Protein chains: 2
Amino acid sequence: MTRIHISEVGPRDGLQSIDRVMPLEAKKAWIAAEAAAGVPEIEVGSFVPPSLLPQMADTADLIAFAKGLEGLAVAALVPNFKGAERAIAAGAEKISIPFSMSETHSLRNVRKDHAAMLAEIRAIAELVASQSADSRPHFEVGLATAFGCTIEGPVSEANVVRLAAAAIEAGAVEVGLSDTTGYANPAQVRRLVRAVKAEVGDGRLNTLHLHNTRGLGLANALAGLEEGITTLDASLGGLGGCPFAPGASGNIVTEDLVFMLEAMGYETGIDLEKLMKVRAIIADALPDEPLYGFTPDAGLPLGFGKVAA
Amino acid sequence: MTRIHISEVGPRDGLQSIDRVMPLEAKKAWIAAEAAAGVPEIEVGSFVPPSLLPQMADTADLIAFAKGLEGLAVAALVPNFKGAERAIAAGAEKISIPFSMSETHSLRNVRKDHAAMLAEIRAIAELVASQSADSRPHFEVGLATAFGCTIEGPVSEANVVRLAAAAIEAGAVEVGLSDTTGYANPAQVRRLVRAVKAEVGDGRLNTLHLHNTRGLGLANALAGLEEGITTLDASLGGLGGCPFAPGASGNIVTEDLVFMLEAMGYETGIDLEKLMKVRAIIADALPDEPLYGFTPDAGLPLGFGKVAA
């Protein structure tokens, strides 16, 4: 049985995309409940300055809290070297920096071109390497807008492969592919995962970060799984990430993803019934925020997990 | 480029699942607009008695109307021999009978066990064969509850394979696999498509009828495509089919399916922008009915269909 590692990114990618700030206590309850349901990794927040993202101001507190939860890997997003310093000081076990494959998007978003981003990645890698073994976080570079950009449009696959290799050369332990814009399709996922893996070598690309903006999220996840992807980011209730009207959503929905994986015979280590109950915590704390996902409404199939002769 | 045949089933499976009756003129406008967008086949209704399904009382009128539309194959569902007689009299170009793989479901739904259903299929096949070549409809048997049943739970895959072969032996031109209950997962789709194809021979299983009840519809479609499925049923706006609260839906959404296929490089012959505009007809006629689908809200990706160097 293949183990698939789920990284819950709702407390970061979900919450950063909505206007309201979720109270610290609600965030803690959410993170604790997901950990108790068996979710092995949670990205609890980011070290973007609170002046830009007040929703993320309590990330250091959340890291401290989450590190006390049994069996949970505690991840944080960092936008730059300063963020990495803060994440490491807070004790993050995994740090990820988004590296936008669309240079226009990179310039617009963090005012750095590709060369400047690679210099930043190199500096963070050196900082990480200088930590003692017991406080050295896992360092991943998320190749953002890898499947297309809302400013540039199509993104060159050859450039993604080249920049993935450059990020590894600069010291990232791993790269991940991010469909930031919800542009990906399954054929493209297969092609790009294969091409990047071939370039960076085994074990250097394990993660897909997918959005469900056009409804293809789980089909894209399936294509990735079949190309050897073993880590999938997802957000409980598909929270946030939605500049559009009803129906358009953010990250792929953790509940539906876990249902798909468990139904297919993959092992996630997650108790799906318990996981679905965690939605109530978000619904209570953010009553006006739409929650996505089909499995929680439909429930599990009768006799789920059993096989008829 | 592989051509994938989309069969729009909203006017039948969508409308039969909701309480309200859509006026005949609105149905005609819907069907005409989808045909004009390039949808090659529409299941316009069923010949279930109007006392049971008043929504379908105008199916004969719709067949007559739809046959006047350029390039459209006009399909109807029939529950039994009597329905087949009426469908043929009305001029249907394709007729499908659901054959439930769960015998409990079959007994509960149409009060026939598997033997009685096979006798009905044989009688319909003989009726079809007795028609002159120019009025002989294509005859398909839809293997309903093939992926699980809300009464029996898991359904035996060996039985599905056996019953598929029995339906072909009884005279069906084709069998299709239907995930009536939204229980299917991509691994199961691959396995069952392969097993049925191996048993009934090439060209006898081309169609998947999928529901999106647990959000896996497009992932299941992808698995089917990769096993050689060439016809996919879908419903515009995912209309109907929803005994659950918000979020749980009926058939897979035609708009998202066509987006996935076209993005992957399959050919559907459908103009997606035109197709998405057809939603307005349903929204006007059934203003309280939720419409599903992500692509219509998100819009097409910037530079869709172009490739960056």
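Good morning. In chain B, eight strands form a closed barrel in the order 1-2-3-4-5-6-7-8, with parallel pairing; two strands pair if DSSP finds at least two bridges between them. Helices (H or I, at least four residues) and strands (E, at least two) are DSSP runs, numbered from the N terminus.

This is a predicted model, in which local features need pLDDT of at least 70 and side-chain atom pairs count only at pLDDT 80 or more, while totals for chains, interfaces and linings use all residues. Residues are numbered from 1 along each chain as written, chains are lettered from A in the order written, and side-chain values use heavy atoms, without hydrogens and water.

Within the sheet, strand 3 (residues 73-77) of chain B pairs with strand 4 (residues 94-100) of chain B in the parallel sense over three bridges. B:Leu77 stands opposite B:Ser96 in strand 4 of chain B.

Turning to the helices, the axes of helix 6 (residues 114-129) and helix 7 (residues 157-169) of chain B come within 9 Å and cross at roughly 30°. Axes are lines fitted to C-alpha atoms, for helices over the stretch in contact, and angles run from 0 to 180 degrees between N-to-C directions. Helix 6 of chain B is therefore roughly parallel to helix 7 of chain B, the term for angles under 35 degrees. The contact (heavy atoms within 4.5 Å) includes B:Leu118 and B:Ile121 of helix 6 and B:Leu163 and B:Ala166 of helix 7 of chain B.

Finally, a rotation of 180° with 0.0 Å of shift along its axis superposes chain B on chain A (RMSD 0.0 Å), by least squares on the C-alpha atoms of residues with pLDDT of at least 70 in both. That is the relation of a two-fold axis.

How values were computed: Parallel < 35°, antiparallel > 145°, perpendicular 65-115°, else oblique.
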